[in-house]
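Hello,

Here is the structure I promised to pass on to you. Please have a look at it first, and then read my notes below.

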Amino acid sequence: MYLILDWDGTVTVRDTLWMLLERFGDREVFERMEGALGATHTHREVMEAEMATITAPLEEAVAFLVAAVEIRAGFRRVAERFRPLVLSSSFHETIEPVLAREGVEVELVANRIDAKPDGWRVLWADEAPCPECGELCKRRALPRGRPLVYVGDGYSDRCAALAADRVFARGALAGYLSSRGAAFEPFEDFDDVAAALT
């Protein structure tokens, strides 16, 4: 079994990109683009437009996250027991300092950010659209060859979750999977996930 964890809203209680946008970005652009996600704009278009509104130095943004991010209960225990892959649409530069704060080491696949003073630029880990959904999505980064357990909560988890053998979902991902008639198990924290995997 290979355990795959989304980062924002899954490992973290609140989406760290939303936290950054609320603190350092343009709220009007953020609200407008979130409303367009999946309707008139792709995930890539939304991410790039939103991140371009952040002009804060990376060090300031990271310090804010390290001070403010709350990790979902049970994460350390799950990380030590199952050695998961964290598969995120967020950024190495903003995730790794929070993992270091927690003293947790995991395999991480994420994008990178070029924190330019005139607006942050997303450096995508994989520029090729997914053949299933047509977006820059997480499915292409899923490990091959063993049963996959996926844990997620949001839009960027949809395609990858549909490719997994077993899914734990909450939030918007749970709603999406329900609408598709796709099986999933609800969770509140990682102790729920660990208990179900025992």
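Which helices and strands each supply at least two residues of the lining of the largest pocket? They are α1 (7-11), α2 (16-24), α4 (43-51) and β2 (85-91).

Before the rest, a word on the basis. This is a predicted model, in which local features need pLDDT of at least 70 and side-chain atom pairs count only at pLDDT 80 or more, while totals for chains, interfaces and linings use all residues. Residues are numbered from 1 along each chain as its sequence is written, and side-chain values use heavy atoms, with hydrogens and water left out.

**The pocket**

The volume of the largest pocket is about 470 Å³. Its lining has 28 residues, and those closest to the centre are Asp 15, Trp 18, Glu 34, Gly 154 and Tyr 155. A pocket is an open set of points on a 1 Å grid over the protein atoms alone, where a 1.4 Å probe fits and there is protein on both sides within 12 Å along at least five of seven lines; lining residues have an atom within 4 Å of a point. Grid points are joined across faces, edges and corners, and the volume is the space filled by probe spheres set on the points.

Helix α4 gives the largest share of this lining, 5 residues. By type, the lining holds 10 nonpolar, 7 polar and 11 charged residues.

**Asp 8 and Lys 138**

Asp 8 sits in helix α1. Asp 8 is buried but has no salt bridge, and the nearest side chain of opposite charge is that of Lys 138, 7.4 Å away. Buried means under 20% relative accessible area, exposed over 50%, and partly exposed in between (1.4 Å probe, protein chains only). A salt bridge needs a side-chain nitrogen of Lys or Arg within 4 Å of a carboxyl oxygen of Asp or Glu. For charge, Lys and Arg count as positive and Asp and Glu as negative, with His and the chain ends not counted.

What Asp 8 does have is a side-chain polar contact of 2.4 Å with Thr 16. A polar contact is a pair of N or O atoms within 3.5 Å; within protein, one must be able to donate a hydrogen and the other to accept it, and residues adjacent in sequence count only if both atoms are side-chain atoms.

Lys 138 lies in the loop between β4 (121-123) and β5 (148-152). Why does Lys 138 count as buried? Because its relative accessible area is 4%. The side chain of Lys 138 makes a polar contact of 2.8 Å with the side chain of Asp 6, and one of its polar atoms lies 3.2 Å from the backbone oxygen of Leu 87. Asp 6, Lys 138 and Asp 157 are also linked in a network of salt bridges.

**Other salt bridges**

How many salt bridges does the structure hold? There are 14. Among them is the pair Asp 126 and Arg 140, whose closest N and O atoms are 2.7 Å apart. Both partners are in the loop between β4 and β5, 14 residues apart. Asp 126 is partly exposed at 28%, and so is Arg 140, at 37%.

Glu 188 and Arg 170 form another, at 3.4 Å from N to O. This pair links distant parts of the chain, with Glu 188 in the loop between β7 (185-186) and α10 (190-197) and Arg 170 in the loop between β6 (166-169) and α9 (171-180), 18 residues apart. Glu 188 is exposed, with a relative accessible area of 53%.

**Two more residues**

Arg 83, in the loop between α6 (75-82) and β2, has a positive phi near 50° although it is not a glycine. Val 98 belongs to helix α7 (residues 92-102) and is buried, at 0% relative accessibility. Its C-alpha atom is 9.7 Å from that of Thr 12, 86 residues away along the chain.

Best wishes

Technical notes
Helices (H or I, at least four residues) and strands (E, at least two) are DSSP runs, numbered from the N terminus. Ala, Val, Leu, Ile, Met, Phe, Trp, Tyr, Cys and Pro count as nonpolar, Asp, Glu, Lys and Arg as charged, and the others, Gly among them, as polar.
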